[in-house]
Amino acid sequence: MSLIVADDLVKEFSRPVRAEGAFAGVRSLFTTKRVTNRAVDGVSLRIEPGEIVGYLGPNGAGKSTTIKMLTGVLVPTSGTVTVNGIVPWRDRSANARTIGAVFGQRTQLWLDLPLRDSFDVLAKLYGVGPFAYRRTLDEFVDLLDMGSFLDRPARNLSLGQRMRGDLVAAMLHEPPVLYLDEPTVGLDVVAKARIREFIRERNRTAGTTVLLTTHDIGDVEQLCDRVVIIDDGRTLFDGDLGALRRTYLPHRTLTVELSEPEPHGWSIDDVHHAGTRAHHEATLLELRFDPGVVSTSEAISRTTATLPVADLTVREPELEEVITEIYTAREVRRVG
Amino acid sequence: MSADPDDSAAARTFGEGLALRATLVRQGTRSVLVFRTDLFVGIVSTLLRVVLVLLVWRAVYGDRTEVSGIAREDAIGYAVLGVLFAAAMQPWQFSSLRDRVRTGNVVFDIMRPVGLITQSTADQLGTTLASLPKAVVGLTLALVLGVVPGPSTAWQTVAFAVSSLLGLVIAIQCNLIVGLTAFWTTEIGGAYLVYGMAAAFCSGSLIPLWLMPDGLAAVLRALPFSAQIFTPLSIWFDRDPGWNVLGELALQAGWIVVLALAAHLVWLRALRRTVINGG
């Protein structure tokens, strides 16, 4: 059975309507009208043990709200959710031992006290025995290279150090499920790499299942086997990275370096001109083809037959382009 | 301290539950004491307040030895003790719950295997313990100046100590319930301000309830605020403590049960409408 099962999750928030016109500010105070905003609109998810799933979507898509329902903090307006067989919001304390969470924009550390104190308290809160606590803490501190700042107050730590602290805080009780809501936001490349390495390591050695929201393509490419993309509270895509590329940007790009000046009026069947740019002395042509229509080898042989090719590379669309495509499409949909 | 719907204390042994609470309390205390300068400033300000009320009440009494049946030394002693109780039990910042709801960090409290009520009350108890040094230094000054009379009997001292403890529990419960309203309104600075003034007045920490008009005094005695500070202080100044003291203690215990139930209900409703601020 899947570890995380969500069916038709819906979460609505309602807030007072803001009045318009004369004395809007005062009238807003007394309005009894409310508007309902559907942050999550029928999301269904199945996550198997040991998966690392990227949960993507533009700002305000409903990612964090979904995660808050999975953690049991928010009660769904409708729909069902179970994590490890537990209904999170109904049985919070049993659920708490199953999950760990990092919300990159917040911290669960006691800011005024040394990092180590926060860990001590959390170990007690989660009932981690002294032996297990020492073992996990040593291991994590080693993995994340935290020895030098363990005794400093969390308030004085850099963002990268604090985030590592929060990651350890979420994992001390070794939960089978880890929710990461933008765990690398604002971090430098080294700090990001450390955090990714830690996540991968926990996934590999302890089989930790991870649901990760991020705006960092590197996180997705390096960690996730599978991505779920939502927007406006609805699932747009659920599948592996290859399928995502094939679905949204099926084309491949051929970059051709010409050995002679570009001939006039050339054309190649099923291969399209996408751009020309100069690179040092040479001229680079960007060509596109759809591997569903013409195979890569065929596209290359047609190209070399038509153009004076000195060098040639083929690449898949960058994940970033794919995501941009999806997010932009929604803007188009909204405007249109 | 209060029954907590989310607390899995049942899964732990009693001893473990107690050790856990002690840890949370200590964490609350240390979070305050880490700011040493703030503690020293707090001590100085408490001493100043003791001296100020001393001067004010001496001026109020002038040459009189008694006003409305209250002896001069009792009124002055009461006012000084009232300042010290308020310093310990009615802090400027009642609970971190307010900030945690505003910033959305409360998400972590809700996610933990120990309920928010347990975490919040333990934290408040810790904060209160951290303000005890202020009260102790103030009390020492008051005793040195001879403005606070010692209790007459051992039984009165014990009753006073028990009543103070019960009063502290009631104060923490009231603070908690006000703090929980943040789940509805997000910003409760105003609520805290009103509550702070109401508590200071109604608990009798500013003016003894003895001096209030009869009708008002009766209303105030029927509210939980008076059980926070006025009850222990009135036991201290009772010239002839008898069985009525037991009644007072029972009343405080009753308030604790009622407030625990109220906090429990408010929290259950708050949970259903929780909104976590921020992305």
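# Exercises on a two-chain predicted model

In chain A, 73% of the contacts between residues at least 6 apart in sequence join residues at least 24 apart; two residues are in contact if their C-beta atoms, placed from the backbone, lie within 7 Å. This is a predicted model, in which local features need pLDDT of at least 70 and side-chain atom pairs count only at pLDDT 80 or more, while totals for chains, interfaces and linings use all residues. Residues are numbered from 1 along each chain as its sequence is written, and chains are lettered from A and ligands numbered from 1 in the order in which they are written.

## Exercise 1

Describe the open sheet of three strands in chain A, and state which strands stand at its edges.

Step 1. The strand order is β2-β1-β4 (chain A), and the pairing is antiparallel. Strands (E, at least two residues) and helices (H or I, at least four) are DSSP runs, numbered from the N terminus. Two strands pair if DSSP finds at least two bridges between them.

Step 2. β2 (34-47) and β4 (78-83) of chain A each have a single partner strand, so they stand at the edges and one side of each is left without a neighbour in the sheet.

Step 3. From one strand to the next, the twist averages 30 degrees. Axes are lines fitted to C-alpha atoms, for helices over the stretch in contact, and angles run from 0 to 180 degrees between N-to-C directions.

Step 4. Strand β1 (residues 4-16) of chain A is joined to β4(A) by five bridges. A:A6 has A:V81 of β4(A) opposite.

Step 5. Across β1, β2 and β4 of chain A lies helix α2 (residues 63-71) of chain A, at about 115 degrees to β1(A).

## Exercise 2

Compare the span of helix α5 (residues 130-144) of chain A with the expected span.

Step 1. The expected span is 1.5 Å times one less than the number of residues.

Step 2. The 15 residues of α5(A) reach 21 Å from first C-alpha to last, close to the 21 Å expected.

Step 3. After α5(A) comes A:D145, with a positive phi near 55 degrees.

## Exercise 3

Describe the side of chain B that touches chain A.

Step 1. The contact takes 27 residues from chain B and 27 residues from chain A.

Step 2. α1 (14-33) and α5 (106-111) of chain B each supply at least two residues of this side. α1(B) gives the most, with six residues.

Step 3. The residues of this side comprise 11 nonpolar, 10 polar and six charged. Ala, Val, Leu, Ile, Met, Phe, Trp, Tyr, Cys and Pro count as nonpolar, Asp, Glu, Lys and Arg as charged, and the others, Gly among them, as polar.
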